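Student: I've got a model open and I'd like to talk through its pockets, its disulfides and one of its strands. Can you walk me through them?

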Amino acid sequence: MNSMTRRLVIGTAAVSMTMSLAACGGGKNTSSGNQAIGLLLPERASSTRYEAFDKPLIETAVTGLCTKCTVDYANADGDEKAQKQQFDALLARGVKVILLDPVNAAVTAPWVDQATKKGTKVIAYDRLAAGNVAAYISFDNKRTGELQGQALLDALGGRAAGAEIVMINGAETDPNAADFKAGAHHALDGKVKRVAYEQSGEWKPEVAAAKVGEAINKLGKNGFQAVYSANDGMAGAIIDELHKAGRTDVPVGGQDASLDAVRRVLTGEQAYTIYKPYQPEAEAAANMAVYLVKGIDVTSVASTITDSNGSQIPSMLLSPVVVTKAKVAETIVAAGLYKAEEICTPQYAQACRAANIPGAY
């Protein structure tokens, strides 16, 4: 097992063991009544991770920690009004803890503060919701952006200093997108010639493709050398748009380690993705939710504090991992995100062999 794999596995195990042992280790259940934990996730279309990983991992972790707890789940499909209705429905059903990954974090303060007044605790999951949240679990998002920017520089190699870059950022309603953008600029600014075109892709593949079309019209199809994409869903659409324009030599990066993106990384269509180990994030969220259901203070298990408009929020911020073609085996496969046979269908068998991914081809 190499050092990258050891760090990934050890880090995952450490979060899981520390939080799980703490959850089992003390405190009487001082809550009464409803032991349902609300789970509100923001979308399905742009990022497959929520339905494929976050939801089932959280459900499994919650039921493993609390046999009487259930998960009351809804997905907003990118609609903030629908998410508000889902949130209100949870309050009406008497749910005492809500894990909220907001569509638009800027509008949630009245929701969260209303819930707090009613005795319901809200945990901001993956994105920091506005308002009096009880805890926050996510990844170090500025670091994620820095890793994305540096990976794009690495993909450009000796061309970086003279490169003009197109940046397609995430939705402006998502505070994580602002952190990704800031981190990417920190890595890129002064290391490339300039960012020649920058727009929000709104976390929507079709919008990202349209924005890259605009960049091609404005700069010329050969007028830029790389594209920063804030996530994999947009990256796939961007790559398709570039191919339509006859460009197959443009490094494009992403984030989320979706299965189709991992395959694009292996074939060389996508330069890199960012893998966020979803299991420790989901387990940390489940542990904190069960703590609050049981009436136990979560500050003892928080690893850091996040300042949000003067409020000090107990938080856990986990570390993301860059995945290039050479690292798919030691990160994605070794960590068990996907099995080799899931990735290496006949169409991708040759690419898998070239990347030394063990398994059936």
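Student: By class, how many nonpolar, polar and charged residues are in the lining of the largest pocket?

Tutor: Keep in mind that this is a predicted model. The largest pocket holds about 310 Å³ of space. Its lining comes to 17 residues, with Glu43, Gly78, Glu202, Trp203 and Lys204 the closest to the centre. Sorted by class, that lining has 6 nonpolar, 3 polar and 8 charged residues.

Student: Which element gives the most to the lining of the second largest pocket?

Tutor: That pocket has a volume of about 260 Å³. Its lining is made of 17 residues, and Leu128, Tyr136, Pro175, Asp179 and Thr306 lie nearest the centre. The elements that supply two or more residues are strand E5 (135–139), helix H5 (141–156), helix H6 (175–188) and strand E10 (304–308). The one that gives the most, with 3 residues, is H6.

Student: And what classes of residue make up the lining of the second largest pocket?

Tutor: The residues nearest its centre include Leu128, Asp179 and Thr306. Over the whole lining, the tally is 9 nonpolar, 5 polar and 3 charged residues.

Student: Switching to sulfur: what pattern do the disulfides of the chain follow?

Tutor: Searching the whole structure turns up 2 disulfides. One joins Cys66 to Cys69, and another joins Cys344 to Cys352. Count the bonded cysteines along the chain and the pattern reads 1-2, 3-4.

Student: Is the disulfide of Cys66 and Cys69 right-handed or left-handed?

Tutor: The sulfur atoms of Cys66 and Cys69 sit 2.1 Å apart, and both cysteines are buried. For the handedness, look at the torsion about the S-S bond: it's about 70 degrees, so this disulfide is right-handed.

Student: What about the link of Cys344 and Cys352, left-handed or right-handed?

Tutor: Here the S to S distance is 2.1 Å. The torsion about the S-S bond is -100 degrees, and the link of Cys344 and Cys352 is left-handed.

Student: Why does Cys344 count as buried?

Tutor: The cut-off for buried is under 20% relative accessible area. Cys344 counts as buried because its own value is 3%.

Student: On to strand E1 (residues 36–41): how many of its residues are buried?

Tutor: Take the two faces in turn. Ala36, Gly38 and Leu40 on one side are buried, and so are Ile37, Leu39 and Leu41 on the other. Both faces are covered, and the count for E1 is 6 of 6.

Terms used. Residues numbered from 1 in each chain as written. Predicted model: local features only at pLDDT ≥ 70, side-chain atom pairs only at ≥ 80, totals over all residues. Heavy atoms only, no water. 1 Å grid on protein atoms, 1.4 Å probe; cavity = no way out; pocket = protein on both sides within 12 Å on 5 of 7 lines; lining within 4 Å. Points joined across faces, edges and corners; volume = space filled by probe spheres on them. Nonpolar A, V, L, I, M, F, W, Y, C, P; charged D, E, K, R; others polar. Helix = DSSP H or I, 4+ residues; strand = E, 2+ residues; numbered from the N terminus. Disulfide = S-S within 2.5 Å. Buried < 20%, exposed > 50% of the residue type's maximum accessible area, 1.4 Å probe, protein only.
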